[in-house]
Amino acid sequence: MNNNTSPMSRKHIALVAHDERKLDLLAWATYNRGTLAEHRLYATGTTGGLLEREAALDVVKLKSGPWGGDQQVGAKIAEGEIDFLIFFWDPHELYAHDSDVKALLRLAAVWNIPVACNRASADFMISSPLMTRDYDRIVPDYQGYLDTRDAGPASLATPSAPVQATPTRTAGAYDEYSLTAVDRMS
């Protein structure tokens, strides 16, 4: 998932912003241009064009959010191609594609992708020591889910059916969080 470059571990970062937040994201990205330029950037269409034009960043542009771009970012998350999501969304507006936005945030949560929704959280993420080294996040055990699902309705009704996360990282400081749901319930 991560491509290593020296001295930093190259991250794959998705950048998304609602119309009312695009200038805020542009100001943040311009300020952090040097750091962002060291990573692989993806953005929904209009946001990506703005970042290329105004911040001189190299961006893989997907479709505009309402035209499927949010879903494209979500698909990249599900395929393990995105390390984190910076999504400056507007909490004051409702959008026709709100269901796509919710689906995108849901996929980020399911696949354990960090999400920054404003400048403060984006600042914390981009200044994290994890930006400069590999980070193997814990991802869901999708095959275990399929095996349980394919076993039939009786296995789904069993209250103790394990929901497991598969650690993809080596032993580290956060291993206590890699317990299965069953382990935590006992």
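Colleague: Is the crossing of α1 and α6 left-handed or right-handed?

Modeller: Bear in mind that this is a predicted model. Helix α1 covers residues 22-31 and helix α6 covers residues 119-126, and their axes lie 11 Å apart. As for the hand, the crossing of α1 and α6 is right-handed.

Colleague: How are α1 and α6 oriented relative to each other, roughly parallel or roughly antiparallel?

Modeller: The two helices pack at an angle of about 25°. Angles under 35 degrees count as roughly parallel. So α1 and α6 come out as roughly parallel.

Colleague: And how many charged residues are there in the contact of α1 with α6?

Modeller: On the α1 side you have Asp-24, Ala-27 and Trp-28, and they meet Arg-119, Ala-122, Asp-123 and Ile-126 in α6. Sorted by class, that contact has 4 nonpolar residues and no polar ones, and the charged count is 3.

Colleague: Let's move to α1 and α3. What is the orientation of these two helices to each other?

Modeller: Helix α3 spans residues 45-55, and its axis comes within 10 Å of the axis of α1. The two cross at roughly 45°. An angle under 35 degrees would count as roughly parallel, and 65 to 115 as roughly perpendicular. The pair α1 and α3 is therefore oblique.

Colleague: Which hand does the crossing of α1 and α3 have, left or right? And how many nonpolar residues does their contact have?

Modeller: The crossing of α1 and α3 is right-handed. From α1, the residues Lys-22, Leu-25, Leu-26, Ala-29 and Thr-30 meet Thr-46, Thr-47, Leu-50, Leu-51, Glu-54 and Ala-55 in α3. By class, this contact has 2 charged and 3 polar residues, and the nonpolar count is 6.

Colleague: Now some side chains. Which side chain does Ser-9 make a polar contact with?

Modeller: Ser-9 sits in strand β2, residues 9-10. Its relative accessible area is 2%, so Ser-9 counts as buried. The side-chain polar contact of Ser-9, at 2.6 Å, is with Asp-134.

Colleague: Is Gln-143 buried or partly exposed, and what does its side chain contact?

Modeller: Gln-143 belongs to helix α7, which runs over residues 142-150. Buried would need under 20% relative accessible area, and at 47% Gln-143 is partly exposed. The side chain of Gln-143 makes a polar contact, at 2.8 Å, with the side chain of Asp-147.

Colleague: Zooming out, what share of the contacts with a separation of 6 or more comes from residues 24 or more positions apart?

Modeller: The chain has 9 helices and 9 strands. Of its 186 residues, 40% are buried. Among contacts with a separation of 6 or more, the share from residues 24 or more positions apart is 69%.

How values were computed
Residues are numbered from 1 along each chain as its sequence is written. This is a predicted model: local features need pLDDT of at least 70, side-chain atom pairs count only at pLDDT 80 or more; totals for chains, interfaces and linings use all residues. Side-chain values use heavy atoms; hydrogens and water are left out. Axes are lines fitted to C-alpha atoms, for helices over the stretch in contact, and angles run from 0 to 180 degrees between N-to-C directions. Helices (H or I, at least four residues) and strands (E, at least two) are DSSP runs, numbered from the N terminus. Angles under 35 degrees count as roughly parallel, over 145 as roughly antiparallel, 65 to 115 as roughly perpendicular and the rest as oblique. A crossing is left-handed if the near helix is turned anticlockwise from the far one by less than a right angle, and right-handed if clockwise. Contact means heavy atoms within 4.5 Å. Ala, Val, Leu, Ile, Met, Phe, Trp, Tyr, Cys and Pro count as nonpolar, Asp, Glu, Lys and Arg as charged, and the others, Gly among them, as polar. Buried means under 20% relative accessible area, exposed over 50%, partly exposed in between (1.4 Å probe, protein chains only). A polar contact is a pair of N or O atoms within 3.5 Å; within protein, one must be able to donate a hydrogen and the other to accept it, and residues adjacent in sequence count only if both atoms are side-chain atoms.
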